[in-house]
Amino acid sequence: RQEATLETITLDVLKSSEIEGEILNPAQVRSSIARRIGMELAGAVPSDRDVDGIVEMMIDATQNCYDPISAERLFDWHAALFPTG
């Protein structure tokens, strides 16, 4: 089940970013997601801060999809995507 979750979120992040014209490193995305969901991943690589921010937002959006989007949640997504403001 964790492997399916990892694969699904990885594809969601990569494809969503492609729509915006951003091409992300798939290994970094996969590693970042695995770390966030507490999954051991052989061959994990370090990920850039921008990858981690996108992953953080997408995991919140998918795992909490039934929660209302409050101003606080939206600002948290913004902070994840733009950590320097």
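Q: Why does Thr-10 count as buried in this predicted model?
A: Buried means under 20% relative accessible area. Thr-10 has 5% relative accessibility, so Thr-10 counts as buried. Thr-10 sits in helix 1.

Q: How do you know that the side chain of Thr-10 makes a polar contact with Leu-6?
A: The cut-off is 3.5 Å between N or O atoms. A polar atom of the Thr-10 side chain lies 2.6 Å from the backbone oxygen of Leu-6. The distance is within the cut-off, so the pair qualifies.

Q: Which residues does Thr-10 contact, leaving aside neighbours within four places in sequence?
A: They are Val-29, Arg-30 and Ile-33. Contact here means heavy atoms within 4.5 Å.

Q: What makes Val-29 a buried residue?
A: Set its value against the 20% limit. Val-29 has a relative accessible area of 0%, so Val-29 is buried. Val-29 belongs to helix 2.

Q: What does Val-29 touch, not counting residues up to four places away in sequence?
A: Val-29 touches Thr-10, Val-13, Leu-14, Leu-24, Val-51 and Val-55.

Q: Which residues of helix 2 are buried, and what do they pack against?
A: Gln-28, Val-29, Ser-31, Ser-32, Ile-33 and Ala-34 are buried. The buried residues of helix 2 pack against helix 1 and helix 3.

Q: Which residues make the contact of helix 1 with helix 2, and how do they divide by class?
A: Helix 1 supplies Glu-3, Leu-6, Glu-7, Ile-9, Thr-10, Val-13 and Leu-14. Helix 2 supplies Pro-26, Val-29, Arg-30, Ile-33 and Ala-34. By class, this contact has eight nonpolar, one polar and three charged residues.

Q: Why are helix 2 and helix 3 called oblique to each other?
A: Helix 2 (residues 26–36) and helix 3 (residues 49–63) pack at about 50°. Roughly parallel needs under 35 degrees, and roughly perpendicular begins at 65. An angle of about 50° falls between those limits, so helix 2 and helix 3 are oblique. Their crossing is right-handed.

Q: What makes up the contact between helix 2 and helix 3?
A: From helix 2 come Gln-28, Val-29, Ser-32, Ile-33, Arg-35 and Arg-36. From helix 3 come Val-51, Asp-52, Val-55, Glu-56 and Ile-59. Five of these residues are nonpolar, two polar and four charged.

Q: What angle do helix 1 and helix 3 make, and where do they meet?
A: They pack at about 120°, with axes 10 Å apart. Ile-9, Asp-12, Val-13, Ser-16 and Ser-17 of helix 1 meet Ile-54, Val-55, Met-58, Ile-59 and Thr-62 of helix 3. The classes here are six nonpolar, three polar and one charged. The crossing of helix 1 and helix 3 is right-handed.

Q: How do you know that Asn-25 caps the N-terminal end of helix 2?
A: A side-chain oxygen of Asn-25 lies 2.8 Å from the backbone nitrogen of Ala-27. The cut-off for a polar contact is 3.5 Å, so this pair is within it.

Note on methods: Residues are numbered from 1 along each chain as its sequence is written. This is a predicted model: local features need pLDDT of at least 70, side-chain atom pairs count only at pLDDT 80 or more; totals for chains, interfaces and linings use all residues. Side-chain values use heavy atoms; hydrogens and water are left out. Axes are lines fitted to C-alpha atoms, for helices over the stretch in contact, and angles run from 0 to 180 degrees between N-to-C directions. Helices (H or I, at least four residues) and strands (E, at least two) are DSSP runs, numbered from the N terminus. Angles under 35 degrees count as roughly parallel, over 145 as roughly antiparallel, 65 to 115 as roughly perpendicular and the rest as oblique. A crossing is left-handed if the near helix is turned anticlockwise from the far one by less than a right angle, and right-handed if clockwise. Ala, Val, Leu, Ile, Met, Phe, Trp, Tyr, Cys and Pro count as nonpolar, Asp, Glu, Lys and Arg as charged, and the others, Gly among them, as polar. Buried means under 20% relative accessible area, exposed over 50%, partly exposed in between (1.4 Å probe, protein chains only). A polar contact is a pair of N or O atoms within 3.5 Å; within protein, one must be able to donate a hydrogen and the other to accept it, and residues adjacent in sequence count only if both atoms are side-chain atoms.
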